[in-house]
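Work through the exercises below with the sequence and the model in view. Each task is followed by its solution.

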Amino acid sequence: GKRGTVFMQSSGFGNCINALAGLCIPYRIPIPMVINLRGQPGEHTIAQVGMGRATRPIMDVLGLPHFTLEDQDSLDKIVPGALKLCYSSRQPLAICLTPMLHGGKIAQV
């Protein structure tokens, strides 16, 4: 009787694409996803860059609504409305977090 949310990194989103495209989207299963975007400035793991950059374009191709949060103001303004949209439209929806929202990564030279 309670609603859940899926938390993952952009690489985890890459692993979920078939389930989203073949099940959640066509059967209108409202799943809010909070996705930490990797591959942004300061990223230290090269393997995270490709999927980090591809996450939002893939969502666009799937027609999956998504919002990107970069600061505390956007968090407070977007999240409540995004969750309402997810459940009222009965479709998956993603809230993407950039490193800037949670302090970023320190780039080491």
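**Exercise 1: order of elements**

Read from the N terminus, the elements of the protein chain follow the order β-α-β-α-β-α-β. Helices (H or I, at least four residues) and strands (E, at least two) are DSSP runs, numbered from the N terminus. This is a predicted model, in which local features need pLDDT of at least 70, side-chain atom pairs count only at pLDDT 80 or more, and totals for chains, interfaces and linings use all residues. Residues are numbered from 1 along each chain as its sequence is written, and side-chain values use heavy atoms, with hydrogens and water left out.

Task: State how many helices and strands the protein chain has.
Solution: The protein chain has three helices and four strands.

**Exercise 2: the largest core**

Task: List the residues of the largest nonpolar core.

Solution:
1. A nonpolar core is a set of buried Ala, Val, Leu, Ile, Met, Phe, Trp, Tyr and Cys residues joined through side-chain atoms within 4.5 Å; buried means under 20% relative accessible area (1.4 Å probe, protein chains only).
2. The eleven residues are Met8, Phe13, Leu20, Cys24, Met33, Ile35, Leu37, Met59, Leu64, Ala94 and Cys96.
3. Helix 1 (10-24), strand 2 (32-36) and strand 4 (93-97) each give two or more residues to this core.
4. Helix 1 gives the most, three residues.
5. A second, separate core has seven residues, including Val34 and Ile95.

**Exercise 3: burial**

Task: Find what share of the 109 residues is buried.
Solution: Buried residues make up 32% of the 109 residues in the protein chain.

Terms used. Buried < 20%, exposed > 50% of the residue type's maximum accessible area, 1.4 Å probe, protein only.
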